[in-house]
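Here is a briefing on one protein model.

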Amino acid sequence: GRDPQRHRVLSMILQRVEQAEWLSNAYLAVDGIGGTGVLIDSNGVTEPLAERAEREGTTITHILLTHHHWDHVYGLKELRERFGGIPVLAHPQTAELLDDELVTGTIDHNDVIETGDLRIEAIHTPGHCADHLALRINDRLTPDALFKGTVGGTANPTATGLGDLKASIMDRIMELPNDTRIHPGHCEPSTIIEEWESNPFVRYWRGLDEPTSEPVTIGPPDAEERRDAELLLWGPDYDGGNKALIRFADDGTETITGGSQVKRS
(Lines give C-alpha, C1' and ligand atoms only; values in the text may rest on other atoms or scores of the structure.)
Protein backbone atom coordinates (compact mmCIF):
# COMPACT_ATOMS: atom_id res chain seq x y z
CA GLY A 1 0.00 0.00 0.00
CA ARG A 2 0.95 3.65 -0.23
CA ASP A 3 1.93 5.69 2.80
CA PRO A 4 -0.18 8.86 3.05
CA GLN A 5 1.96 11.96 2.78
CA ARG A 6 1.29 15.02 4.91
CA HIS A 7 0.87 18.30 3.13
CA ARG A 8 -0.57 21.73 3.75
CA VAL A 9 -4.10 22.06 2.38
CA LEU A 10 -5.18 25.48 1.19
CA SER A 11 -8.80 26.28 0.42
CA MET A 12 -9.83 26.80 -3.18
CA ILE A 13 -12.76 26.57 -5.56
CA LEU A 14 -12.33 24.72 -8.85
CA GLN A 15 -14.92 24.85 -11.63
CA ARG A 16 -14.80 22.80 -14.83
CA VAL A 17 -16.34 23.21 -18.27
CA GLU A 18 -16.25 20.40 -20.84
CA GLN A 19 -16.33 20.78 -24.60
CA ALA A 20 -18.99 18.36 -25.84
CA GLU A 21 -17.27 17.19 -29.03
CA TRP A 22 -13.65 16.87 -27.89
CA LEU A 23 -14.50 16.16 -24.23
CA SER A 24 -11.66 18.50 -23.25
CA ASN A 25 -11.80 20.33 -19.93
CA ALA A 26 -10.94 23.90 -18.98
CA TYR A 27 -10.84 25.12 -15.39
CA LEU A 28 -11.23 28.16 -13.18
CA ALA A 29 -9.33 27.94 -9.89
CA VAL A 30 -9.93 30.63 -7.25
CA ASP A 31 -8.83 30.98 -3.65
CA GLY A 32 -12.30 32.13 -2.60
CA ILE A 33 -15.33 34.00 -3.84
CA GLY A 34 -14.24 37.46 -4.95
CA GLY A 35 -10.60 36.54 -4.44
CA THR A 36 -7.75 35.66 -6.78
CA GLY A 37 -7.83 33.05 -9.50
CA VAL A 38 -6.32 31.53 -12.62
CA LEU A 39 -7.72 29.89 -15.72
CA ILE A 40 -6.32 26.57 -16.92
CA ASP A 41 -6.51 25.82 -20.65
CA SER A 42 -9.05 27.10 -23.16
CA ASN A 43 -11.47 24.78 -24.95
CA GLY A 44 -13.77 27.26 -26.68
CA VAL A 45 -16.58 26.97 -24.12
CA THR A 46 -15.08 28.98 -21.25
CA GLU A 47 -17.93 31.50 -21.06
CA PRO A 48 -19.31 30.04 -17.76
CA LEU A 49 -15.86 30.34 -16.17
CA ALA A 50 -15.32 33.92 -17.36
CA GLU A 51 -18.85 34.92 -16.39
CA ARG A 52 -18.45 33.53 -12.88
CA ALA A 53 -15.13 35.27 -12.36
CA GLU A 54 -16.59 38.58 -13.50
CA ARG A 55 -19.80 38.18 -11.52
CA GLU A 56 -17.99 37.36 -8.28
CA GLY A 57 -15.31 40.04 -8.72
CA THR A 58 -12.46 37.55 -8.95
CA THR A 59 -9.06 38.94 -9.97
CA ILE A 60 -7.78 36.60 -12.70
CA THR A 61 -3.99 36.87 -12.75
CA HIS A 62 -2.90 34.18 -15.23
CA ILE A 63 -3.98 31.73 -17.88
CA LEU A 64 -1.97 28.51 -17.58
CA LEU A 65 -1.68 25.93 -20.35
CA THR A 66 -1.08 22.22 -19.88
CA HIS A 67 0.12 21.68 -23.49
CA HIS A 68 -0.30 22.85 -27.07
CA HIS A 69 -2.96 20.45 -28.42
CA TRP A 70 -5.74 22.31 -30.18
CA ASP A 71 -8.56 21.06 -27.94
CA HIS A 72 -6.83 22.74 -24.98
CA VAL A 73 -5.99 26.12 -26.52
CA TYR A 74 -9.01 26.86 -28.75
CA GLY A 75 -10.32 30.38 -28.08
CA LEU A 76 -7.23 31.30 -26.04
CA LYS A 77 -6.67 34.68 -27.69
CA GLU A 78 -10.22 35.84 -27.01
CA LEU A 79 -10.11 34.56 -23.44
CA ARG A 80 -6.90 36.45 -22.73
CA GLU A 81 -8.25 39.67 -24.25
CA ARG A 82 -11.38 39.39 -22.12
CA PHE A 83 -9.24 39.66 -18.99
CA GLY A 84 -7.13 42.57 -20.16
CA GLY A 85 -4.23 40.72 -21.74
CA ILE A 86 -3.15 38.85 -18.60
CA PRO A 87 -0.03 36.63 -18.77
CA VAL A 88 -0.35 33.25 -20.49
CA LEU A 89 2.21 30.79 -19.13
CA ALA A 90 3.16 27.41 -20.58
CA HIS A 91 6.07 25.01 -21.02
CA PRO A 92 8.91 26.42 -23.19
CA GLN A 93 8.11 23.91 -25.94
CA THR A 94 4.46 24.99 -25.91
CA ALA A 95 5.62 28.56 -26.40
CA GLU A 96 7.65 27.49 -29.42
CA LEU A 97 4.71 25.64 -30.96
CA LEU A 98 2.10 28.36 -30.47
CA ASP A 99 1.95 31.93 -31.73
CA ASP A 100 4.13 34.39 -29.80
CA GLU A 101 1.03 36.46 -29.10
CA LEU A 102 -0.61 33.54 -27.29
CA VAL A 103 2.12 32.54 -24.80
CA THR A 104 3.73 35.44 -22.95
CA GLY A 105 5.93 33.54 -20.49
CA THR A 106 7.17 30.06 -19.65
CA ILE A 107 7.14 27.68 -16.70
CA ASP A 108 8.97 24.38 -16.40
CA HIS A 109 9.31 21.43 -14.06
CA ASN A 110 9.25 22.36 -10.34
CA ASP A 111 8.53 26.04 -11.06
CA VAL A 112 6.03 27.50 -8.59
CA ILE A 113 3.58 30.36 -9.07
CA GLU A 114 1.97 31.90 -6.01
CA THR A 115 -1.01 34.16 -6.59
CA GLY A 116 -3.40 35.03 -3.78
CA ASP A 117 -3.71 31.86 -1.73
CA LEU A 118 -3.08 29.62 -4.72
CA ARG A 119 0.21 27.74 -4.91
CA ILE A 120 0.72 26.30 -8.38
CA GLU A 121 3.54 23.85 -9.08
CA ALA A 122 4.43 22.79 -12.62
CA ILE A 123 5.21 19.08 -13.07
CA HIS A 124 6.64 18.12 -16.46
CA THR A 125 4.89 14.95 -17.60
CA PRO A 126 5.90 14.08 -21.18
CA GLY A 127 4.76 10.99 -23.03
CA HIS A 128 1.45 12.01 -24.59
CA CYS A 129 3.36 15.03 -25.89
CA ALA A 130 6.75 16.58 -25.15
CA ASP A 131 5.48 19.83 -23.64
CA HIS A 132 2.87 18.56 -21.23
CA LEU A 133 2.67 20.04 -17.73
CA ALA A 134 0.53 18.72 -14.92
CA LEU A 135 -0.37 21.65 -12.68
CA ARG A 136 -0.59 21.02 -8.95
CA ILE A 137 -2.84 23.72 -7.56
CA ASN A 138 -2.92 23.49 -3.76
CA ASP A 139 -4.26 19.93 -3.24
CA ARG A 140 -5.57 19.46 -6.80
CA LEU A 141 -3.85 18.26 -9.99
CA THR A 142 -4.76 18.95 -13.64
CA PRO A 143 -2.96 16.32 -15.78
CA ASP A 144 -3.58 15.26 -19.39
CA ALA A 145 -1.42 12.16 -18.98
CA LEU A 146 -3.66 10.33 -16.50
CA PHE A 147 -7.45 10.15 -16.51
CA LYS A 148 -10.07 8.34 -14.46
CA GLY A 149 -9.37 4.68 -15.21
CA THR A 150 -7.10 5.26 -18.18
CA VAL A 151 -4.03 7.12 -19.48
CA GLY A 152 -2.95 9.31 -22.39
CA GLY A 153 -2.02 7.73 -25.69
CA THR A 154 1.52 7.56 -27.09
CA ALA A 155 0.74 6.72 -30.72
CA ASN A 156 0.02 10.29 -31.84
CA PRO A 157 2.61 12.27 -33.87
CA THR A 158 3.55 14.56 -30.96
CA ALA A 159 4.04 11.77 -28.40
CA THR A 160 7.48 11.11 -26.91
CA GLY A 161 6.82 7.48 -26.15
CA LEU A 162 5.57 4.96 -23.65
CA GLY A 163 8.69 5.15 -21.49
CA ASP A 164 8.15 8.84 -20.89
CA LEU A 165 4.45 8.39 -20.17
CA LYS A 166 5.05 5.58 -17.69
CA ALA A 167 7.74 7.60 -15.89
CA SER A 168 5.53 10.69 -15.80
CA ILE A 169 2.68 8.76 -14.23
CA MET A 170 4.48 6.34 -11.93
CA ASP A 171 7.47 8.47 -10.85
CA ARG A 172 5.83 11.89 -10.71
CA ILE A 173 2.02 11.83 -10.54
CA MET A 174 1.70 8.69 -8.40
CA GLU A 175 4.24 10.09 -5.93
CA LEU A 176 1.79 12.79 -4.85
CA PRO A 177 -0.25 12.36 -1.64
CA ASN A 178 -3.02 9.75 -1.76
CA ASP A 179 -5.84 12.26 -1.39
CA THR A 180 -4.65 14.59 -4.15
CA ARG A 181 -7.72 15.27 -6.28
CA ILE A 182 -7.13 14.69 -10.00
CA HIS A 183 -8.97 17.06 -12.35
CA PRO A 184 -7.81 15.80 -15.74
CA GLY A 185 -7.79 17.29 -19.22
CA HIS A 186 -10.66 14.97 -20.12
CA CYS A 187 -13.47 13.25 -18.19
CA GLU A 188 -14.44 13.21 -14.51
CA PRO A 189 -12.19 13.73 -11.47
CA SER A 190 -10.68 11.03 -9.28
CA THR A 191 -7.87 10.79 -6.71
CA ILE A 192 -4.32 9.47 -6.64
CA ILE A 193 -5.31 6.52 -4.45
CA GLU A 194 -8.22 5.60 -6.75
CA GLU A 195 -5.92 5.42 -9.74
CA TRP A 196 -3.20 3.62 -7.76
CA GLU A 197 -5.64 0.88 -6.81
CA SER A 198 -7.97 0.54 -9.81
CA ASN A 199 -6.47 2.10 -12.97
CA PRO A 200 -5.62 -0.97 -15.14
CA PHE A 201 -2.51 0.65 -16.65
CA VAL A 202 -1.16 1.67 -13.24
CA ARG A 203 -1.89 -1.79 -11.87
CA TYR A 204 -0.07 -3.36 -14.82
CA TRP A 205 2.98 -1.15 -14.28
CA ARG A 206 2.91 -2.04 -10.58
CA GLY A 207 3.15 -5.72 -11.53
CA LEU A 208 -0.23 -6.60 -10.04
CA ASP A 209 -1.92 -7.81 -13.22
CA GLU A 210 -0.51 -10.11 -15.90
CA PRO A 211 -0.49 -9.01 -19.54
CA THR A 212 -2.66 -10.69 -22.13
CA SER A 213 -1.07 -12.19 -25.25
CA GLU A 214 -3.55 -11.74 -28.06
CA PRO A 215 -2.48 -11.38 -31.70
CA VAL A 216 -3.95 -8.22 -33.26
CA THR A 217 -3.34 -5.88 -36.16
CA ILE A 218 -2.95 -2.11 -35.83
CA GLY A 219 -4.03 0.66 -38.18
CA PRO A 220 -6.99 2.84 -39.15
CA PRO A 221 -10.23 0.85 -39.48
CA ASP A 222 -10.25 1.17 -43.30
CA ALA A 223 -6.51 0.60 -43.81
CA GLU A 224 -5.47 -2.06 -46.34
CA GLU A 225 -2.04 -2.50 -44.75
CA ARG A 226 -1.85 -3.04 -41.01
CA ARG A 227 0.96 -3.89 -38.55
CA ASP A 228 0.94 -7.14 -36.62
CA ALA A 229 1.11 -6.70 -32.88
CA GLU A 230 0.48 -8.36 -29.53
CA LEU A 231 -2.25 -6.94 -27.31
CA LEU A 232 -0.94 -6.67 -23.74
CA LEU A 233 -3.73 -4.70 -22.06
CA TRP A 234 -7.23 -3.72 -23.16
CA GLY A 235 -8.59 -0.90 -20.99
CA PRO A 236 -11.26 1.80 -21.01
CA ASP A 237 -10.90 5.28 -22.48
CA TYR A 238 -12.40 8.57 -21.30
CA ASP A 239 -14.71 8.81 -24.34
CA GLY A 240 -16.44 5.49 -23.66
CA GLY A 241 -14.20 3.57 -26.05
CA ASN A 242 -11.00 1.70 -25.30
CA LYS A 243 -7.25 2.19 -24.98
CA ALA A 244 -4.81 -0.59 -25.77
CA LEU A 245 -1.25 -1.30 -24.72
CA ILE A 246 0.33 -3.19 -27.62
CA ARG A 247 3.72 -4.53 -28.69
CA PHE A 248 4.55 -4.41 -32.39
CA ALA A 249 5.72 -7.72 -33.85
CA ASP A 250 8.25 -6.23 -36.28
CA ASP A 251 10.41 -4.20 -33.88
CA GLY A 252 9.16 -5.03 -30.38
CA THR A 253 8.27 -1.45 -29.48
CA GLU A 254 5.32 -0.86 -27.17
CA THR A 255 2.79 1.95 -27.33
CA ILE A 256 -0.67 2.94 -26.12
CA THR A 257 -3.18 3.51 -28.87
CA GLY A 258 -6.90 4.06 -29.22
CA GLY A 259 -9.06 0.97 -29.40
CA SER A 260 -10.35 1.96 -32.85
CA GLN A 261 -6.86 1.25 -34.23
CA VAL A 262 -6.91 -2.34 -32.95
CA LYS A 263 -8.42 -5.20 -34.94
CA ARG A 264 -9.00 -8.19 -32.70
CA SER A 265 -9.73 -11.70 -33.87
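The protein exposes about 11900 Å², and carbon and sulfur atoms supply 46% of that area. Accessible areas come from the Shrake-Rupley method with a 1.4 Å probe, and for residues only the protein chains shown count as cover. This is a predicted model, in which local features need pLDDT of at least 70 and side-chain atom pairs count only at pLDDT 80 or more, while totals for chains, interfaces and linings use all residues. Residues are numbered from 1 along each chain as its sequence is written, and side-chain values use heavy atoms, with hydrogens and water left out.

**Overall build**

- The protein holds six helices and 21 strands. Both are DSSP runs numbered from the N terminus: helices are H or I with at least four residues, strands are E with at least two.
- Along the principal axes, the C-alpha atoms fill a box of roughly 60 × 45 × 30 Å.
- Of the 265 residues, 54% are buried. Buried means under 20% relative accessible area, exposed means over 50%, and partly exposed lies in between (1.4 Å probe, protein chains only).
- Take the contacts between residues at least 6 apart in sequence: 55% of them join residues at least 24 apart. A contact means heavy atoms within 4.5 Å.

**Charge**

- There are 24 positive and 45 negative side chains. Lys and Arg count as positive, Asp and Glu as negative; His and the chain ends are not counted.
- The centres of the two sets lie 6 Å apart. Each charge is placed at NZ of Lys, CZ of Arg, CG of Asp or CD of Glu.

**Aromatic pairs**

- A search of the whole structure finds four aromatic pairs. Rings of Phe, Tyr and Trp (its six-membered ring) pair if their centres lie within 6.5 Å; planes under 30 degrees apart count as stacked, over 60 as edge-to-face and the rest as tilted.
- One of the pairs joins tryptophan 22 and tyrosine 74: the ring centres are 5.6 Å apart and the planes stand at 75°, so the pair is edge-to-face.
- Tryptophan 22 sits in the loop between β1 (13-18) and β2 (25-30), and tyrosine 74 in strand β6 (residues 73-74), so the pair ties together parts 52 residues apart in sequence.
- Tryptophan 22 is partly exposed, at 26% relative accessibility. Tyrosine 74 is also partly exposed, at 38%.
- Tryptophan 70 and tyrosine 74 form another pair: their ring centres are 5.3 Å apart and their planes are at 75°, so this pair is edge-to-face.
- Tryptophan 70 counts as exposed, at 55% relative accessibility.
- Trp22, Trp70 and Tyr74 make up one aromatic cluster.

**Isoleucine 13**

- Isoleucine 13 belongs to strand β1. At 26% relative accessibility, isoleucine 13 is partly exposed.
- Beyond neighbours within four places in sequence, isoleucine 13 contacts Leu28, Ala29, Val30, Gly32, Ile33 and Arg52.
- Proline 92 is 79 residues from isoleucine 13 in sequence and 28 Å away, C-alpha to C-alpha.

**Positive phi**

- Leucine 23 has a positive phi, near 60°, in a residue other than glycine. Leucine 23 lies in the loop between β1 and β2.
- Not counting residues up to four places away in sequence, leucine 23 touches Glu18, Gly185, His186, Cys187, Tyr238 and Asp239.
- Leucine 23 and leucine 89 are 66 residues apart along the chain, and 23 Å separates their C-alpha atoms.
- Asparagine 110 is not a glycine, yet its phi is positive at about 75°. Asparagine 110 lies in the loop between β8 (105-106) and β9 (112-115).
- Asparagine 110 is partly exposed, with 47% relative accessibility.

**Isoleucine 86**

- Isoleucine 86 lies in the loop between α2 (76-82) and β7 (88-90). Isoleucine 86 is buried, with a relative accessible area of 9%.
- Leaving aside neighbours within four places in sequence, the contacts of isoleucine 86 are Ile60, Thr61, His62, Ile63 and Arg80.
- Isoleucine 86 and glutamate 96 are ten residues apart along the chain, with their C-alpha atoms separated by 19 Å.
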